[in-house]
Amino acid sequence: MGHVDSGSDGAARRRDAAVRAAVRQGIVTADRPVVGLLDVPGIRAAAAALHRAFAQVSAPGTDVLHAFAVKAAPLVPVLRLLAEEGLGAEVASPGELALARAAGVPPARTVLDSPAKTPAELREALALGVAVNADSREELVRLDGLLDDGAPASVPPLGLRVNPQVGGGSISALSTATPMSKFGVPLRDEGAREWLVRAYAERPWLTRIHAHVGSQGCPLELMAAGIRAVYELAEEVNEHVGARRVRSLDIGGGLPVNFASDEVTPTHAGYARLLAETVPGLFDGRYGLVTEFGRSLPAKSGMVLARVEYAKSAGGRRIAVTHAGAQVAVRTVFAPEAWPLRVAVYDAWGRPKDGAPESQDVAGPCCFAGDLIATGRSLPRLEAGDHVALLDTGAYYFSNHFAYNTLPRPGVYGYAEHQRTEGATETPSVDVRFVPVRPPQSLDELVAESGGAHAVGLTALR
Ligand SMILES: *Cc1c(COP(=O)(O)O)cnc(C)c1O
């Protein structure tokens with residue numbers, strides 16, 4: 001494993017070295033003009049920082065499970081890497097559960113959320129021993145039914161998602177604690193609190209409260225206020241029952257990512273400290289804790305690296321036509337105000353490009369006019385054969401492909417620096433080693449998943 005630089009200078013230096021090596025080693029080529037790259041030591045460092053952050057504020061012996069939200073990077077080797085770093089998995093579909101299992105994440109370190117679990121999914125989770133958070137009163141009734149007729153001898157931790165209704169952040173699509181959010185049992189609705197206390201009192205197996213207040217765009221204070229609200233509910237339930245009915249709190253994820261610079265801010269440590277100030281009782285050892293951070297673990301360790309195919313101009317506007325567009329950066333293209341990305345520019349050999357900045361648009365390969373990663377961005381002049389890197393895209397970008405124009409999912413590679421010694425007498429030099437995470441999708445695969453086996457199917461109908 002390569003050494004890990006601390007701080008943002010290290011991240012930028014590692015990134016530049018990786019781009020240079022990706023070009024030199026043929027990871028990105030004229031025929032494979034877009035790839036996703038993951039800085040493996042960077043991801044390991046983020047995982048270690050998360051463990052430290054919660055260890056520093058928790059009473060000794062507090063049981064803490066950090067379950068990585070699989071949707072942020074649904075890639076089996078990433079889940080495996082994080083499992084090796086001591087994380088579990090939060091899954092929200094049969095597909096995500098299958099990925100976690102393929103990565104070897106044990107059921108006891110897996111948590112199933114999702115607002116639309118089928119009876120079969122619930123049954124499978126109970127049989128496997130995967131923790132489940134019911135999303136609604138309706139789902140709780142479904143669990144009642146399953147546990148009545150032949151529940152396994154020991155049930156995994158079962159919880160109920162509560163929406164503390166503390167309000168939303170700046171991105172409404174990612175704000176989950178608004179008064180009318182589709183998630184969870186609303187805590188402040190008429191009669192809800194009494195219903196919740198009774199629901200726990202009546203079910204000895206209902207031992208967890210779950211909340212996930214929001215993601216990118218939510219102030220940390222808002223998230224902490226939401227956790228405080230569900231903690232107070234847990235205290236009320238336990239007082240009412242006269243025993244430790246609620247044994248663990250699943251506080252969700254949602255730490256925002258800084259897309260404006262290499263600085264990691266906010267940090268897991270800062271958020272853990274804020275939680276400890278806002279909800280001291282959370283960390284005194286009486287409750288087991290589960291977290292579900294997603295984006296904050298791999299985001300800053302990922303980039304999309306793409307070749308510039310053409311540089312053109314139209315009506316006085318300079319446009320670099322690259323191979324990275326909506327297929328790898330769907331949110332940025334469709335909601336550019338909410339999801340701006342930094343673009344780093346490199347020459348044909350993968351060396352950082354300098355030169356007087358000029359206003360340019362960075363476009364993608366999709367056939368619609370809005371397929372733009374950046375507009376009017378000041379960058380050194382881009383030319384055909386250069387490369388652009390879309391930074392901080394390790395979560396929710398190249399891992400969540402958008403299949404417009406039947407563009408293939410790009411290959412994804414993890415990288416780390418390693419020492420290379422040429423001859424016995426030479427001083428060691430640092431090189432970058434790449435390992436495959438996901439192969440690029442082939443044309444045959446694209447045809448197959450687009451109904452290739454059923455080519456004549458429709459012609460049979462009149
Ligand atoms: C998406 C999601 C997460 C992770 O959110 P991030 O913003 O990626 O940290 C955690 N828990 C639940 C229930 C989610 O839906």
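## Overall build

With 462 residues, a compact globule would have a radius of gyration near 23 Å, and the protein agrees at 24 Å. The radius is taken over C-alpha atoms, and the globule rule is 2.2 Å times the number of residues to the power 0.38. This is a predicted model: local features need pLDDT of at least 70, side-chain atom pairs count only at pLDDT 80 or more, and totals for chains, interfaces and linings use all residues. Residues are numbered from 1 along each chain as its sequence is written, and side-chain values use heavy atoms, with hydrogens and water left out.

The C-alpha atoms fill a box of roughly 70 × 70 × 50 Å along the principal axes. The protein has 11 helices and 18 strands. These are DSSP runs, numbered from the N terminus: helices are H or I with at least four residues, strands are E with at least two.

## Burial, contacts and surface

Buried residues make up 53% of the 462 residues. Buried means under 20% relative accessible area, exposed over 50%, and partly exposed in between (1.4 Å probe, protein chains only). Take contacts (heavy atoms within 4.5 Å) between residues at least 6 apart in sequence: 70% join residues at least 24 apart.

The protein exposes about 20,300 Å², and carbon and sulfur atoms supply 54% of it. Areas come from the Shrake-Rupley method with a 1.4 Å probe; for residues, only the protein chains shown count as cover.

## Salt bridges

The structure holds 22 salt bridges. Each is a side-chain nitrogen of Lys or Arg within 4 Å of a carboxyl oxygen of Asp or Glu. Asp39 forms one with Arg14, their closest N and O atoms being 2.9 Å apart. Asp39 lies in strand β1 (residues 34-39) and Arg14 in helix α1 (residues 7-24), so the pair ties together parts 25 residues apart in sequence. Asp39 is buried at 4% relative accessibility. Arg14 is buried too, at 6%.

Glu85 and Arg44 also meet in a salt bridge (2.7 Å, N to O). Glu85 sits in the loop between α3 (76-84) and β3 (88-91), and Arg44 in helix α2 (residues 40-57), 41 residues apart. Both Glu85 and Arg44 are buried. Asp144 pairs with Arg203, with closest N and O atoms 2.7 Å apart. Asp144 is in helix α6 (residues 137-148) and Arg203 in the loop between α7 (192-201) and β8 (206-210), so this pair ties together parts 59 residues apart in sequence. Asp144 and Arg203 are both buried. A network of salt bridges links Arg15, Asp262, Lys300, Arg342 and Asp392.

## A buried arginine without a partner

Arg318 lies in strand β12 (residues 317-322). Arg318 is buried yet has no salt bridge; the nearest side chain of opposite charge, Glu358, is 4.1 Å away. Here Lys and Arg count as positive and Asp and Glu as negative; His and the chain ends are not counted. Leaving aside neighbours within four places in sequence, the contacts of Arg318 include Glu358, Asp361 and Arg381.

## Backbone exceptions

Most residues other than glycine have a negative phi, and most peptide bonds are trans. Ser114, not a glycine, has a positive phi of about 135°. Ser114 is in the loop between β4 (110-112) and α5 (119-128) and is buried, at 9% relative accessible area. Tyr396 has a positive phi of about 65°. Tyr396 is in the loop between β16 (387-391) and β17 (411-420) and counts as buried at 11%.

The peptide bond from Thr265 to Pro266 is cis, with omega near -5°. Pro266 is found in the loop between β9 (248-250) and α9 (268-278).
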